[in-house]
Amino acid sequence: MAKEKTSTIEKAKAKAAAAANTKKPKKSIVKYFKDARSEFKKVVWPSRKQVVNNTIVVLVAMAVSGIAIWALDTGFISLLKLMLGKF
């Protein structure tokens, strides 16, 4: 009988713990957005001048890379045509 009583108490404790662990999704979603908002306030955003400067650097790097790839491609095609005698 004591064993049955102990297992019943353990089951009740486990059930209470499980109920305590289940959170309402509404509260966790609200907490998530509050935390996200507070983290966004901590971010050091770049100035407009920095953004424009970085954008120009990226565009120039893309143009240079594109021209280099085009030049290599054209050179390899010319070399292939020369080797195959179709120039």
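1. Phenylalanine 33 is exposed, at 55% relative accessibility. Tyrosine 32 is exposed as well, with a relative accessible area of 55%. Both values come from a predicted model.

2. A search of the whole structure turns up two aromatic pairs. One joins tyrosine 32 and phenylalanine 33 in an edge-to-face arrangement. Their ring centres are 5.2 Å apart, with 75° between the planes. An angle over 60 degrees is what counts as edge-to-face.

3. Phenylalanine 40 and tryptophan 45 make up a pair with ring centres 6.3 Å apart. Their planes meet at 15°, so this pair is stacked. The cut-off for stacking is under 30 degrees, and centres must lie within 6.5 Å. Phenylalanine 40 and tryptophan 45 are both exposed.

4. How many salt bridges are there? The count comes to two. Lysine 31 forms one of them with aspartate 35, with the closest N and O atoms 3.0 Å apart. Both residues lie in helix 2, residues 25–42, and are four residues apart, about one turn of the helix. Aspartate 35 is partly exposed, with a relative accessible area of 37%.

5. Glutamate 39 forms a salt bridge with lysine 42. Here the closest N and O atoms are 3.3 Å apart. These residues also lie in helix 2, three residues apart, about one turn of the helix.

6. Glutamate 39 counts as partly exposed, at 44% relative accessibility. Lysine 42 has a relative accessible area of 59% and is therefore exposed. The line between the two classes is drawn at 50%.

7. Glycine 85 follows helix 3, and its phi is positive, near 75°.

8. A nonpolar patch lies on the surface. Its members are Leu72, Phe76, Leu79, Leu80, Leu82, Met83 and Leu84. Together they have about 800 Å² of accessible area. Leucine 82 belongs to helix 3. Leucine 82 is exposed because its relative accessible area is 57%, and exposed means over 50%.

9. What is the overall secondary structure? The chain has three helices and zero strands. Along the sequence the pattern reads α-α-α.

10. Buried residues account for 0% of the 87 residues in the chain. The accessible surface is about 8800 Å². Carbon and sulfur atoms contribute 69% of that surface.

11. Confidence deserves a word. The mean pLDDT of the chain is 84, and 78% of its residues reach 70 or more. Where pLDDT is low, the predicted coordinates should not be read in detail.

Key: Residues numbered from 1 in each chain as written. Predicted model: local features only at pLDDT ≥ 70, side-chain atom pairs only at ≥ 80, totals over all residues. Heavy atoms only, no water. Helix = DSSP H or I, 4+ residues; strand = E, 2+ residues; numbered from the N terminus. Patch = residues over 30% accessible without salt bridge, like charges linked within 9 Å, V, L, I, M, F, W, Y side chains within 5 Å. Areas by Shrake-Rupley, 256 points an atom, 1.4 Å probe, with all protein chains shown as cover. Salt bridge = Lys/Arg side-chain N within 4 Å of Asp/Glu carboxyl O. Buried < 20%, exposed > 50% of the residue type's maximum accessible area, 1.4 Å probe, protein only. Phe/Tyr/Trp six-rings, centres within 6.5 Å; stacked < 30°, edge-to-face > 60°. pLDDT = per-residue confidence, 0-100.
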